[in-house]
Amino acid sequence: MTTEQMKEKLGGMLTDHRYTHSLGVMETAEKMARLFGADVQKAQTAGLLHDCAKQIDRETQLAMCDKLGVPLDDLKRENTALLHAELGARLAETEFAVCDSEILGAIKYHTLGRANMTDLEKILYLADIIEPNRREFEGLKELRALCEKDLNEALLYGLELTIAHIGRKGRILHTQTMEAEAFYRNLLHKEAYHMKPLDAFEKAKKAVKVLDAKKANDIALLKVSDLTILADYFVICSANSTTQVRALADSIEEEFEKVGIIPLSREGKQGLNWILLDYGDFILHIFYQETREFYGLEKLWDDAEKMDVDKIINEL
Ligand SMILES: [Fe+2]
Ligand SMILES: [Fe+2]
């Protein structure tokens, strides 16, 4: 099959968004192959086809894996995001007539990685994360820079970013990814992660800064870790209208989502006069000004340590 024929067939199997992503991965993989002396044509095919099974629903993916004899462990069975790589490698073979084991291996390991990866596997793993259509996230700029310098360093950093992301989402990390990270950390004699997940105070500070940038009024940050098991910090602020209450909550969700952090819950109380976003280790209360005065939440938590918000806003 020619690349053009593959593109045509793949276009019918994926959404526009996924197809654009696949083209981005193809071009990035191609560039990296050139840079690191890998097979450009193979990188192109692997990049183009890596997500060919992504749009198939979970039940069908499972049935297809069983039919095609793709071995799956429990975690892969439960998580469609992990399933599509295994199945994708088989579909590349059966639907796109790819018989090169290197290309098929790269597709198979593109989500989890593994210890001792081939250069093509590394290139696809990384191209999938850094292709130009990816939304910004913390560490992406640094990873893109490493991808132009050193394949193993980039891979280790890419694995670390993935592990941190999985941790923040509260998902279970697959042993294959753990083994890959340990393998490359040992290989490069690195002792610790480049990147630590944000701790509770860092998250609360980030919330304060986002609220300030979005013109929230009277922002307060209370340390409540010694007083309750609900959270370590409360962030409280006021808005001039219910529209602003909602806009502030949306901005917080958006900014935290960029670094892979999603709230455990979002509750609207009293209509839109009060929105509560629970991020586990910190809770954010956004009040319409009068509602804040009425409930007097800060008086209830009078014993809590009040952090210096101005200092947080002004720090770099
Ligand atoms: Fe994928
Ligand atoms: Fe992908």
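Two residues are in contact here when they have heavy atoms within 4.5 Å of each other, and helices are DSSP runs (H or I, at least four residues) numbered from the N terminus. This is a predicted model, in which local features need pLDDT of at least 70 and side-chain atom pairs count only at pLDDT 80 or more. Residues are numbered from 1 along each chain as its sequence is written.

Let's start with a pair of helices. Asp119, Lys122, Ile123, Tyr125, Leu126 and Ile129 in H8 meet a set of H10 residues that includes Leu151, Ala154, Leu155 and Gly158. The axes of H8 (residues 119–130) and H10 (residues 151–169), lines fitted to C-alpha atoms over the stretch in contact, come within 10 Å and cross at roughly 50°.

Now turn to the metal. Asp51 (OD), His84 (NE2) and His110 (NE2) coordinate the iron ion (ligand 1) at 2.1 to 2.2 Å, where donors are N, O and S atoms within 2.8 Å of the metal (3.2 Å for Na, K and Ca), and water is not among the atoms, so sites may look incomplete. Asp51 lies in the loop between helix H3 (40–49) and helix H4 (58–68), while His84 sits in helix H6 (residues 80–94), 33 residues apart.

Note on methods. Chains lettered and ligands numbered in written order. Heavy atoms only, no water. Helix = DSSP H or I, 4+ residues; strand = E, 2+ residues; numbered from the N terminus. Axes fitted to C-alpha atoms, helices over the stretch in contact; angles between N-to-C directions.
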